[in-house]
Amino acid sequence: MARKPYDLLFKLLLVGNSGVGKTSLLFRFTEDVFTTTFISTIGIDFKIKTIELHGKKIKLQIWDTAGQERFHTITTSYYRGAVGILLVYDITNGDSFNSISMWLRNIDQHAGNDVEWMLLGNKCDMESKRIIPTSQGKQVAEQHGIRFYETSARANINVEKAFLNLVEDILDKVGSKSICISSLSLGLFVFFSLVTGCKKKKKKKKSMTSCFCANQELLMMLFL
Ligand SMILES: Nc1nc2c(ncn2[C@@H]2O[C@H](COP(=O)(O)OP(=O)(O)O)[C@@H](O)[C@H]2O)c(=O)[nH]1
Ligand SMILES: [Mg+2]
């Protein structure tokens, strides 16, 4: 049988003001290119990149707003199913930094509670035009307990690192959830074994103590 082309599929989103470099970051990460001539069409588009991390093949479907952020018309459908969000501002543009709170409200309103997100201060290659000090970006990220990177799609700084760390954080979350689920199923299995075991033994008119001892053995076998 043919091997499945991937083990996991993650939907990631890029959000932030128009012109901060979302499309450039997407192209840098998925195609390792930087071009100044992106055509921004109305509508939403995504790019796919498959990566391998911790022995898992992960297909990333990375959605990029295609200009509609200018009209504040990003709706729930854009956020639906997203497990990771890269919120981008431009370190040379104060407005884009001030809009972070507006984007946060948008994320809060439309994205799922479990979504993993990080803050990116893009265009860090333009030091001479910097308006937002690194410390300000760090502060916002610390307030929200999230990761923060200054990136440059142009000079290829921290782009791959940011995406991969986001995916790693999502993987950790997924991992701990599946551990929770398997512990829950184990718990349920043990519970039902105890109940059915007791019922059977009751029929044989054995005492509750012997029933408990037998099931303790079962528990030990499961946990050791
Ligand atoms: N210097 C510099 N310019 C960038 C960088 N990223 C994007 N740009 C430029 O910023 C402008 C807006 O980029 P774009 O990716 O279209 O932004 P979007 O509207 O957020 O998708 C374009 O002229 C890009 O060439 C970067 O890291 N450094
Ligand atoms: Mg764009």
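In which sense do strand S1 and S3 pair, and over how many bridges? Select residues 8-15 for strand S1 together with S3: the two run in the parallel sense and pair over 7 bridges, where pairing requires that DSSP finds at least two bridges between the strands, and strands are DSSP runs of E with at least two residues, numbered from the N terminus. This is a predicted model, in which local features need pLDDT of at least 70, side-chain atom pairs count only at pLDDT 80 or more, and totals for chains, interfaces and linings use all residues. Residues are numbered from 1 along each chain as its sequence is written, chains are lettered from A and ligands numbered from 1 in the order in which they are written, and side-chain values use heavy atoms, with hydrogens and water left out.

Within this pair, pick Leu14, whose bridge partner in S3 is Asp64. Then colour residues 56-65, strand S3, by accessibility: 7 of its 10 residues are buried (under 20% relative accessible area, 1.4 Å probe, protein chains only).

Next, select ligand 1 and the 18 residues around it, among which Gly19, Lys22, Ser24, Asp125 and Ala153 come nearest (a heavy atom within 4 Å counts as near). Helix H1, residues 22-31, gives this shell its largest share, 3 residues.

Finally, display the polar contacts (N or O pairs within 3.5 Å) to oxygen atoms of ligand 1: a backbone N or O atom of Gly21 lies 3.0 Å away, and a polar side-chain atom of Lys123 also lies at 3.0 Å.

Terms used: A polar contact is a pair of N or O atoms within 3.5 Å; within protein, one must be able to donate a hydrogen and the other to accept it, and residues adjacent in sequence count only if both atoms are side-chain atoms. Helices (H or I, at least four residues) and strands (E, at least two) are DSSP runs, numbered from the N terminus. Buried means under 20% relative accessible area, exposed over 50%, partly exposed in between (1.4 Å probe, protein chains only).
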